[in-house]
Each structure stands twice: as structure tokens, then as C-alpha cells.
Amino acid sequence: MAAPETLHVRNIVLVGQDGAGKTSLAEAMLYVTGQTPRMGTTHDGKSFMDYDAEEIRRKFTMSTSIAPIPYKDYKINLLDTSGHPDFIGDTLATMQAAEMALFVIDAVTGPQVMHTKLWAEADMMRLSRAVFINHIDKENANFDVIMAALHARFGSRLGAVTIPIGVGPDFKGVIDVLRMKARYVDGDTERVEEIPEEYKDAAEAAREKLCDLVAEADEDLMMKYLEGEEQLTQEELENLLDLAIAQELFIPVFTGSTIIKQGIQGLMEDICTYFPHPTAHGAFELADGGHINITKENSQVAGFIFKTVSDPYVGRLSFMKVISGTVVPGMELVNARTRKKERIGRVQIMKGKECIDVKSAMAGDIIVIPKLVETRTGDTLSHTGDVDIAMLPFPKPQYPVCIEAVNKKEEDKLGTFLGKLAEVDPTIKIDRNEETHQTVVTAMGDAHVETIVNRLKSQANVDVRLVPVRIPYRETIRATAEAQGRHKKQTGGAGQFGDCWLRLAPNPGAGYEFVDEIKGGAIPGGLVPAVDKGVQDAMAEGFLAGYPMVDIKCTVFDGSYHPVDSNEMAFKTAARIGFRAACEKAKPVIMEPMATMDIIVGEEYAGTVMGDISTRRGRIVGTDSNDAGDTIITVRVPYAEVVGYTKILRSLSRGSGSYVIEIEGYEDAPRDVQEKLIEAYKAAKA
């Protein structure tokens with residue numbers, strides 16, 4: 001495939017809820033243009049686009065795949081994305097690389113949660129949008145009901161450019177409202193005819209709505225149109241349509257069925273004719289606050305990496321949107337983040353899972369560059385390294401799990417592979433908690449975690465298991481107490497002797513403090529630091545349930561020593577004995593970490609969520625609302641009660657809720673919680 005001119009490239013990202021038919025739309029477009037010999041589906045495991053083993057197993061798209069489709073003199077880059085909330089980060093990154101988001105919506109279920117979320121994201125990106133109502137041939141499909149639902153949820157700018165001839169089992173073809181023709185597909189052949197008499201009124205009504213919206217793109221024509229002086233001519237309508245779409249004055253709605261390929265040909269014609277080309281995209285924001293537009297005139301090459309894949313066979317693949325200039329093999333570009341040069345060994349395009357070498361790629365195109373050494377998702381490459389495009393923020397992962405290697409000898413291998421995963425997927429966070437001795441992977445949800453585990457087994461050959469995340473409880477004291485720590489050991493020859501009196505007192509919020517009040521040399525000055533060290537060792541071990549102790553002031557105020565048998569080890573041991581004896585009388589308690597959460601849900605779910613938080617010993621701190629009309633519930637709740645709250649919130653809000661969480665401070669755990677932790681600790685020691 002020759003490098004297409006910038007104005008002849010169309011970058012279309014397919015978005016929507018899982019099951020709406022995004023992948024089948026891509027498959028239909030590939031088949032109609034002769035790019036594939038048969039139409040595969042996600043359900044039969046033979047999809048051209050969903051080729052990953054995990055996608056085949058799960059039967060839904062998990063990661064963006066690309067299909068470059070030559071159509072007439074154009075190149076359509078179809079970017080098929082996941083509609084699962086666990087993989088929304090990949091979808092959002094891909095949306096930044098496109099000029100048009102084509103929302104695929106099922107004709108029975110209508111717009112769903114992910115449609116609403118991604119529509120709002122597209123709005124913030126100022127990304128042009130279109131809609132394809134799929135499966136219009138399904139039982140119970142209803143075009144008018146779905147259009148009403150779209151208007152209710154997304155506003156009045158949507159207008160039909162195709163309407164169905166019949167629905168459900170009676171669906172025969174579509175009416176092209178723009179050209180006022182009926183289009184039918186028989187087998188693999190499309191025929192165009194006059195509109196049937198019984199559909200002429202519906203077609204006229206749809207065209208009038210279309211003209212109303214499109215006329216806003218030209219002020220003079222709009223005034224004449226509104227005053228009824230004249231109707232838009234076919235030429236005026238066609239000349240204004242691309243402008244109206246690019247300016248988001250008009251959002252075209254198509255309909256059809258990907259399974260029987262109805263409505264596909266007309267969609268592709270309109271993509272090439274009226275959908276925005278790369279230079280029609282708004283300016284990209286730079287990290288320094290400046291802006292850059294896609295242009296083929298600028299001789300300096302610049303491109304940003306919107307996705308990275310670690311392929312077990314070919315290594316790292318970097319997906320680049322070319323912003324300016326022409327990329328050719330052999331050139332050296334500078335990474336704006338690292339300030340290091342990267343050599344472009346090969347320039348490729350992805351066609352499903354196949355990488356195809358190309359000689360060059362012009363501004364606006366999407367390419368794949370293999371084996372870049374230090375370039376990551378979100379980086380910008382250019383001749384000078386001075387261009388740095390601001391990457392949209394990725395959603396913050398909130399679902400922590402602990403992953404352990406079944407064979408402890410493979411822990412290093414596990415860590416290395418997880419590190420590589422986090423490099424290519426910014427929605428994975430890896431932490432090694434030295435306190436709990438756990439490797440904690442924070443992901444987007446259950447499906448995300450299961451994918452990580454399966455890839456560890458299949459690609460890294462590491463057998464792993466999931467274990468509960470240990471909550472970082474703390475212990476402290478609530479009263480002042482004194483006790484003696486005395487250690488005497490005589491085994492023949494030099495013995496050990498240490499004797500110290502300790503006073504423990506609460507030290508809220510001030511951490512650990514050690515005070516030396518020894519007078520008269522009761523303990524030699526050189527041995528007092530050993531008392532301090534012994535106390536700190538005992539605090540690290542905990543007193544009640546093995547959790548670190550905090551916020552304690554320890555004073556050593558008396559003691560005795562032996563001129564021969566006293567040494568640092570003896571006084572460390574004595575200090576540990578004294579510390580534990582004093583803790584016994586100082587009202588020790590276990591403190592639990594508290595989380596502050598901002599939970600964002602639709603107003604209809606707010607009561608349910610607040611009730612659930614109350615059952616988890618949480619307190620409602622306040623409520624607010626955002627510009628979208630959602631309710632923001634601020635709560636303070638024990639962290640142990642909301643670890644993995646992602647799954648619970650999705651259930652309570654039908655997948656629409658989100659939250660951010662931070663551990664902020666500690667509070668005394670209820671007595672029953674403390675007793676359970678103590679019993680579990682004793683059982684583990686036994």
C-alpha cells in the first residue's frame with residue numbers, strides 16, 4: 001500500500017459497549033473491500049481483528065487493533081477498541097489518534113454505559129462523532145426508539161443520514177437520505193434504486209432534519225433557509241456536510257446490519273467524502289502549553305506514540321500517529337522525554353496481527369515502529385526533540401491484587417515481566433511493599449487482572465497465584481506505663497547482663513521518640529543506643545498482632561549494668577523485654593488505615609451507594625455535583641472495607657460509577673476487628 005496523501009487519510013476509531021458490533025463492523029468493511037476472503041466473528045474465534053489468544057478465549061475485544069482499508073483513492077485506518085471498562089485506558093489513548101469516533105450501538109439495547117462515558121471523553125477531546133446503529137435486523141429492533149434514546153442522551157445535533165427499509169426480520173435495505181436513494185445488498189452485490197413510495201415521507205422528514213442541522217455551518221445560507229427563502233440544494237448540502245461534521249454542528253447517524261452487510265457500502269463512501277481528514281483535526285496541545293497542528297508542509301518529522309505492545313515474538317511495537325513531515329526507514333528521531341535518539345529501522349502498518357513494511361508514511365497516517373529502545377506510550381519523537389505532545393491522562397487504576405509466584409525461585413522473573421507490562425500499559429501500577437512483603441498489582445478490574453495472570457503463564461512461563469492484599473494496620477498505645485527489662489544469662493565464661501527501666505507514653509501524630517533520662521551512670525552512655533535499637537526492633541515486630549507500632553515516646557530512666565557481662569546485645573534484649581512488659585500495661589490498640597473516597601455516580605444511584613458505604617463503617621463527609629449532573633459522594637471509610645471496591649461499585653451503579661481513593665490517616669479499629677486480627681496472628685504463629 002503506497003503512502004497516502006494526508007487529505008486522503010481517514011482515521012476512524014470504533015467505540016462503544018461490548019456486544020454492539022464494533023469488531024463485526026470492521027470485519028464487514030474489510031470483507032466488502034476485498035481485504036479478507038471471509039467475515040470472521042469474535043464468537044467463532046476467527047475474527048481478523050480479535051486475534052489475541054485472550055480475546056479469542058473471552059470473545060470480546062481487549063486491545064486496539066488496526067485495519068488499514070484502501071477504498072477508492074482513500075485509506076481508512078479503522079481502529080477497533082475495547083468496550084470493556086477494564087481496558088478503557090487503551091481506548092482513550094486510541095481516540096486521541098483519530099479524527100472521528102464512530103459509536104456503534106445495538107438496535108435493541110440502545111446506548112449503554114460505555115457509550116455515555118466515551119461520548120463525554122470525545123466531547124472533552126473535541127473529537128468529531130458519528131453513530132452506526134447496528135443489528136437493525138434483530139428481533140425487537142426499533143430504529144425510532146433508538147433515535148429517541150440517542151437524542152435524549154446525546155442531544156439534538158444527531159440526524160439520520162440513512163434510515164432502514166423495514167426493521168427486524170423485515171429489514172431489506174437502507175435509504176440514503178443524503179442522496180435520496182434506496183440501497184440494497186443481495187449477497188455481495190449492492191444495488192441502488194428509487195425510494196419506495198411508502199418510505200418517501202420518512203425520507204423527506206429525515207432530509208429536512210439533516211438540512212436544518214447542516215445549514216448552521218454557513219451563516220448566510222442558514223438565514224435564508226430559516227426565513228424560508230430557499231431550500232438547500234444538493235450541491236449546497238454536500239458542500240456543507242463535511243464542515244458541519246468537523247465543527248460538531250451535525251452528528252450523522254447511520255444504520256444497517258454488519259452480519260448481512262447492509263448499509264456498509266454507503267457508510268464507507270460517506271467516511272471518505274464527508275468525515276474529517278487529519279488536517280481538519282483541532283490542534284494538539286503541547287506539554288509546554290503550546291499547540292501543533294497536523295501538517296504535511298512542515299519538513300520536521302514529529303509523531304506521538306499512543307500505544308505500545310510487547311509482542312513475545314517480535315518485541316516492542318510502538319504505534320505512532322504522524323503529526324508532521326514524512327517518516328522513512330533509517331531516520332533518527334529524538335525522544336522529547338528522554339532526550340535520546342531513536343533510530344527508525346522499519347516503518348510498518350498493522351493489518352490485524354500482520355505487520356507490513358512500507359517505504360514511508362506522511363502526516364496524518366498511523367504506523368507501527370518496531371524495536372524502539374526507550375520510547376514508551378505517550379512519548380513524542382521529532383527531529384530536534386523539541387516537540388512534546390501532552391498525552392491525555394490515563395484513568396487511575398484502583399483495583400489492587402497481590403500476585404505471587406508459586407515457585408519462589410521465579411519471583412525475580414515475575415517482577416521483570418510485570419515491569420515490562422507496566423511499561424506498555426499505563427493503567428497497570430506495580431508496587432513492592434517491603435512492609436507486607438507483597439508484590440501488589442493495581443489494575444482496572446477483574447478482567448484486567450485475569451489477563452495479566454494468563455499472560456504471565458503463557459508468555460513468561462511463570463505459574464502465579466492471587467492472594468489477598470495485606471492491609472497495613474498499625475499498633476500503638478493509649479496510656480502511659482513503666483516496666484523493667486532485665487536480661488541475665490550465664491553459660492560459663494563471659495555472660496550477658498542488661499537491665500533497664502522504660503516509660504512508654506502515647507505520642508499522637510509525632511512518630512517514635514526516644515528520651516535518655518539516665519542519671520549517675522546507671523547505664524553507661526555507650527550502651528544507651530542499644531536500648532533505643534532494642535525498642536525499635538520490638539516496635540517493628542508489633543505487640544498484639546505483628547503490625548508495626550507507631551506514635552510512641554519511650555524514655556529510659558534507670559537501670560544497672562555489669563562491668564564484664566554487659567554489652568550491646570544484652571541491652572537490646574533487655575529493652576525488648578521491658579518494652580513488651582510496658583506495652584502490656586499501656587492499653588495497646590490496633591489502628592486501621594482510613595480511606596478518603598470521592599465516588600462519582602448518577603443521581604439515581606447515590607442513595608444506594610451511600611447505604612452501602614454505611615454498611616462498611618463509612619461516614620459520608622459531603623456530597624456535590626459535577627457539570628454532567630452526576631453526584632460526587634465524599635466518604636471516609638476503613639480501607640480494608642473498600643479494597644477492590646471497583647467490582648462492588650460497578651454492580652451498584654450498573655457499571656457507570658467511578659471513584660478515586662487515598663489512604664489518609666489511621667483510627668482505632670473496633671474491638672471485634674482487633675480480636676479477629678489477633679486471633680489470626682496467633683493461629684499463623686502456631
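Q: Leaving aside neighbours within four places in sequence, which residues is Thr-442 in contact with?
A: A contact is a pair with heavy atoms within 4.5 Å. For Thr-442 that gives Pro-397, Gln-398, Tyr-399, Pro-400, Thr-427, Ile-428 and Lys-429. One caveat: this is a predicted model, where local features need pLDDT of at least 70 and side-chain atom pairs count only at pLDDT 80 or more, while totals for chains, interfaces and linings use all residues. Residues are numbered from 1 along each chain as its sequence is written, and side-chain values use heavy atoms, with hydrogens and water left out.

Q: Is Thr-442 buried or exposed?
A: Buried means under 20% relative accessible area, exposed over 50%, and partly exposed in between, using a 1.4 Å probe on protein chains only. Thr-442 counts as buried because its relative accessibility is 11%.

Q: Which strand is Thr-442 found in?
A: Strands (E, at least two residues) and helices (H or I, at least four) are DSSP runs, numbered from the N terminus. Thr-442 belongs to β26, residues 438-443.

Q: In what order do the four strands of the open sheet come?
A: Two strands pair if DSSP finds at least two bridges between them. Here the order is β25-β26-β24-β27, with antiparallel pairing. β25 (429-433) and β27 (464-467) are the edge strands, each pairing on one side only. From one strand to the next, the twist averages 35°. For angles, axes are lines fitted to C-alpha atoms, for helices over the stretch in contact, and values run from 0 to 180 degrees between N-to-C directions.

Q: Which helix packs on the sheet?
A: That's α11 (residues 446-458), which touches β24 (399-405), β26 and β27; its direction makes about 20° with that of β24.

Q: How many bridges join β25 to β26?
A: Five, and the two strands run antiparallel. In one spot to look at, Asn-433 stands opposite Gln-438 in β26.

Q: What about a hairpin: how many residues lie between β17 and β18?
A: Five, and in that hairpin Arg-339 takes a positive phi near 65°. Three bridges join β17 (residues 332-335) to β18 (residues 341-343), again antiparallel. Val-334 has Lys-341 as its bridge partner in β18. β17 also pairs with β23 (residues 380-382), antiparallel over two bridges; Asn-335 is partnered there by Leu-381.

Q: Which residues touch the most other members of the largest nonpolar core?
A: A nonpolar core is a set of buried Ala, Val, Leu, Ile, Met, Phe, Trp, Tyr and Cys residues joined through side-chain atoms within 4.5 Å. In the largest, with 103 residues, they are Ile-133 and Leu-150. Another core, of 55 residues, lies apart from it and includes Phe-543 and Ile-613.
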